[in-house]
Amino acid sequence: MANAGLLLGFGLPLLGSVMLGAAEVREPARSIPVMHEVDVVVVGGASGGVEAALSAAKAGARVFLAAPRPYLGEDICASDRLWLEPGEQPSTELARTLFTPQIMPEATPLRGAYDFTYTTDKPASARHPDTGKPPRLHNGAWDDASRESVEFGETTGIVLDLGQPRDIRQVVVMAYQRSGDFEVGNFTVSASADRQAWKELASFKNDMLDAGEREQQALRLTCPVSVNSRYLKLQVAPGARAKRILLGEIVVLGEPPASPALQPDGPQPVTPMQVKHTLDRALTGAKVPFLYPSVVTGVLRDDQGRLAGIIMANRSGRQAVIAKVMIDATDRAVLARMTSARFTPYPRGPQTFRRVVVDGPVRQADGVAPIQRSSPVTLVDRKGDPHTFPEYQLQIPLAGSEFPAFAAAEQVA
């Protein structure tokens, strides 16, 4: 596709000189690298864009997908529409996979946890001290290594006091991991009735040392035990390649209590991570290259003026993707608006929106009406606590179809 021309000047940083008070600036001519040359380019990382890319790949086309957000599935995840309505049936294999709740070990609720106090035989590092009330290894937070971890520079013993003898079935260590820096190689669990004589119950070896970095959510290391005891001692050792240990939480579990919240009657939501992971795997499995966050900033035309691909921008700058077919899968037809496509005017004035929130009392006011359900949408988190998803219908005035108008409506909501 020789002599493809570029539509430039879409408000990106310029290299030319600028005169004060000028209404516009002129960008000097430059070359833009071609990242891909494909049959079909899909712009948009929502579920519809992924379906389009998969369909094209299945038909034998070479496909590339440019996702504007740093993840796929924003139509499901960003709007919290994580379930199917009663009677709604998925029509594609991808949709069935997306909306089938999957039981993943790390997402299984940690129900039946005991309270305890603890002491350690080594002081925590000043970089990641054990501070706060409750202390960090028993505060229910393990989602950020920089803020929610306790660091030890060597093998460390941690003694737990459960207050009274308890029936214990599992000991869970939430450990952060970065290869060659911090990781838990193994730990042992011992029990005592008087904190003097200890009996080793079990040992755990971390077989996920090569599973990649885990700094935003700690790795769950679960050691089964069966004992009735007041005191437990954990001897936690770093991996052979590690310089230190970063722990997020210790959880001691008994038999999980029965709870109707685990079998809600309403629609069953899936997690945002399941949606993102499923879409990622679908594209990877179909050998469809994709890149995020990449925003389309212009279109390519050949020497006959015909559409011939896109220009996209990301943290690496701008690149071109040459394509025979362009599919606009964005929510506001961003790509089509850069062409000569015609649009009917967007109606101004009051518009009806739907908004999902998590937990909190159901509210009602002028222009705000809760959507009634026979059974609430309920999700049980990893600690075993249920959360409901109230949904509302809102009447909000809209000034137009431009992004600032929708941003203003978001603030009203």
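Analyst: The discussion below takes up the nonpolar cores, a helix, the strand pairings and some backbone details.

Analyst: This is a predicted model, in which local features need pLDDT of at least 70 and side-chain atom pairs count only at pLDDT 80 or more, while totals for chains, interfaces and linings use all residues. Residues are numbered from 1 along each chain as its sequence is written, and side-chain values use heavy atoms, with hydrogens and water left out.

User: How many residues does the largest nonpolar core have, and which of them have the most contacts inside it?

Analyst: In soluble globular proteins, nonpolar side chains tend to be buried together. A nonpolar core is a set of buried Ala, Val, Leu, Ile, Met, Phe, Trp, Tyr and Cys residues joined through side-chain atoms within 4.5 Å. Buried means under 20% relative accessible area, exposed over 50%, and partly exposed in between, with a 1.4 Å probe and protein chains only. Here the largest core has 31 residues, and Ile158, Leu160, Ile168, Phe187, Leu234 and Leu247 have the most contacts inside it.

User: Which strands each supply at least two residues of this core?

Analyst: Helices (H or I, at least four residues) and strands (E, at least two) are DSSP runs, numbered from the N terminus. The contributing strands are S5 (150-152), S6 (156-177), S7 (184-192), S8 (199-205), S9 (214-238) and S10 (245-253). S9 gives the most, with eight residues. A second, separate core of 30 residues includes Ala57, Tyr71, Leu72 and Ala282.

User: With which residues is Ile158 in contact, leaving aside its neighbours within four places in sequence?

Analyst: Contact means heavy atoms within 4.5 Å. With those neighbours left aside, the partners of Ile158 include Tyr118, Leu137, Leu232, Leu234, Leu247 and Ile250.

User: Which residues of helix H4 are buried, and why are they on the same side of H4?

Analyst: The expected span of a helix is 1.5 Å times one less than its number of residues. H4 (residues 272-285) has 14 residues and reaches 20 Å from its first C-alpha to its last, close to the 20 Å expected. Its buried residues are Gln274, Val275, Thr278, Leu279, Ala282 and Leu283. They lie on the same side of H4 because they cover an arc of only 155° around the axis, the arc being that of the directions from the helix axis to the C-beta atoms. On the other side of H4, Met273, Arg281, Thr284 and Gly285 are exposed. The cover over the buried residues of H4 includes helix H1 (47-58), helix H3 (93-98) and strand S11 (290-291). Just after H4, Lys287 takes a positive phi of about 60°.

User: How many bridges pair S12 with S13, and how many pair S13 with S14?

Analyst: Strands of a sheet pair through backbone hydrogen bonds, either parallel or antiparallel. Two strands pair if DSSP finds at least two bridges between them. S12 (residues 295-301) and S13 are antiparallel over six bridges, with Arg301 opposite Leu307. Their hairpin has five residues between the strands, and Gly305 there takes a positive phi near 85°. S13 and S14 (residues 317-328) are likewise antiparallel over six bridges, and their hairpin has two residues between the strands. Seven of the eight residues of S13 (residues 307-314) are buried.

User: In what order do the three strands of the open sheet with S15 run?

Analyst: The order is S15-S19-S16, with antiparallel pairing. The edge strands, S15 (349-356) and S16 (368-370), each pair on one side only. The twist averages 25° from one strand to the next. S15 and S19 (residues 391-398) pair over eight bridges, and Gln351 stands opposite Ile396. Axes are lines fitted to C-alpha atoms, for helices over the stretch in contact, and angles run from 0 to 180 degrees between N-to-C directions. Helix H6 (residues 403-412) lies across S15 and S19, at about 135° to S19.
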